Amino acid sequence: MLLGIDVGGTFTDAVIVCGGQVVAQAKRPTTHGELLAGILAAMDAALTGFTADSIERVALSTTIVTNALVENKTDQVGLIIIPGPGLDIAGMVPEEPVVLSGYIDHRGREVAAPRPEEAAAACRRLAGRRVFAVSGKFAVRNPAHELTVAQWVEQTAQPEHITLASQVCGSLNFWRRTNSAYYNAAVWRRFAGFADAVERALAERGITAPVYILKADGGTLPLPAARRQPVEAVFTGPAASVLGIMALTDVADEAVSLDIGGTTTDIALWRSGTPLFAVRGASINGYPTAVRAFWLKSVGVGGDSFVRREGGAIVVGPERRGPAMATGGPVPTVADAMIVAGIASFGDRERALAAMHRLDPARHAEETARAVLDAAAATICQAIAGMLAEHHNRPVYKVDDIVHSLRFSPRRIVAVGGAAALATVVATKLGVPVHVPDRAVVANAVGAAVARPTLTVTVRADTAQGYYTVAEQSLRAPLTRRQIRLADIRDLAGRHLAERAAQFGIPVGEAETVYEEEFNLVRGFSTTGKILTCQQQIRPGVVAAWREGRDSDAR
């Protein structure tokens, strides 16, 4: 059996999954001051009646990283970069870095070595920092300078952790990679403390199953790997809803998914059963990173959103002041309006009516409730329209995108979350049908439970120089032969992916090529070699056992 836990802004959900069924579920308030307390409360409730040894895997969708970034509860990072000549760094990274000399060129060749006295001076300037990040411009093609500088920093500053940018991301784009390394170091200690507490709590309960952390792209990382790269756990709440929808229903056509919780609504676009991804990577606090993530947008509208009048108009959210008045809360909320309008049935209806009368004593409560729901739905529709416009205006880079238009016309809405009933009002405004799958209220926890473990490797070969690299492993090794094809590099990437997966006990299952390229090296009028690149990953998605169980139940 699989245990999945999702930490939301309002509630923490836990589910136990067996085959293709949810056999237990629990919902408890999220404890923002100490996330682990809410996690354990939900987990213990879901485990009632089950033995610890029956749990085969634990998967967490946690807001620990996102909250640390949003609340600015991160460590100050000693950021050291080796950019080489000709780069203006102003405003491109979250903190002013220390710049070292030294340069690796685009072929991975050392042009100038870094200087140990500069690294020593950097450590003096960054004295007191407990975490560091080191990033070299072409380190994905030769990590020697990053490794050397990290060794000097380790010896001089003795920090608790050093992130190497080339190990966080194997792709080119120096600034995205640098920002990824910066944020990885910034949240490392906070995530490490959380991971330690989770392991202790599970051990106290006799649960020895492996623990996985959901990633922003819908895959999961084994906890030991997540400890090294906690930045991958940013935005996992929205990712969990996407995985939950994958697990609970089929999205065959163009669709918009809504995860309407207590505080926010997370929006995703789907095409041919697949959610759209953020181009090149997610942005964190306005800085572009290389973290692969679904393309999502969050708006401050949820079931517990505070509703009031401002200048005669009804205003919804983004503030939350507590639960609905129908359940003992202090102020009118969207959920109160849902109860009065008859699209939700929980709590005390008389209190919900009182909430609507407080908003507008001169109108019928049902009329006020409809106005509240219209205002909430309008905010969500506006966000959807903005995403569609942004999608339509994206630059076209591939011939396939020219032949097959990028225009996106949603055919339906798929809604999950505790306030999913609000999606009926959104769907009416958009003129499309809405589908709310079974177990929609715990879809995020289901998504965490059944998300497939994933890992990535990036292999780059230079036949002229006779070597290849695997950036994520800081590996540089000789090629056994100079005459190789892209297919050979794919095979090599597949072998390294399998080796890396075996280190963490992950089955490779479905692997996919994320990116590949091949170009000739020409000197004078002769081809002197090739540079070939292939990035492969274990495809994010739903574990086979869930799909097989669902198919069996359907038959």
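**Entry 1: serine 135.** I looked up serine 135 and found it in strand S9, residues 131–136; strands here are DSSP runs of E with at least two residues, helices are DSSP runs of H or I with at least four, and both are numbered from the N terminus. Beyond its neighbours within four places in sequence, I listed contacts (heavy atoms within 4.5 Å) of serine 135 with Ile80, Ile81, Ile82, Glu146, Ala165, Phe174 and Thr178.

**Entry 2: basis of the values.** I note that this is a predicted model, in which local features need pLDDT of at least 70 and side-chain atom pairs count only at pLDDT 80 or more, while totals for chains, interfaces and linings use all residues. Residues are numbered from 1 along each chain as its sequence is written, and side-chain values use heavy atoms, with hydrogens and water left out.

**Entry 3: nonpolar cores.** I took a nonpolar core as a set of buried Ala, Val, Leu, Ile, Met, Phe, Trp, Tyr and Cys residues joined through side-chain atoms within 4.5 Å. The largest such core holds 86 residues, and Ile16, Ile55, Leu60, Val65, Phe191 and Tyr468 have the most contacts inside it. Helix H6, residues 174–204, gives the most to this core, namely 17 residues. Apart from this core lies another, of 50 residues, including Ile260, Ala335, Met338 and Ala344. I also examined leucine 60, which touches Ile5, Ile39, Phe194, Val198, Val211, Tyr212, Ile213 and Leu214, residues up to four places away in sequence not being counted.

Entry 4: I treated two strands as paired if DSSP finds at least two bridges between them. Strand S26 (residues 511–523) runs antiparallel to S27, with 12 bridges, and asparagine 520 stands opposite lysine 530 in S27. S26 and S27 form a hairpin with 2 residues between them, and glycine 524 in the turn has a positive phi of about 65°. Strand S23 (residues 456–462) is joined to S27 (residues 526–538) by 7 bridges, also antiparallel; valine 457 has glutamine 536 of S27 as its bridge partner.

**Entry 5: valine 514.** I located valine 514 in strand S26. Valine 514 is partly exposed because its relative accessible area is 33%. With neighbours within four places in sequence set aside, valine 514 contacts Arg292, Gln535, Gln536 and Gln537.

Conventions:
Buried means under 20% relative accessible area, exposed over 50%, partly exposed in between (1.4 Å probe, protein chains only).
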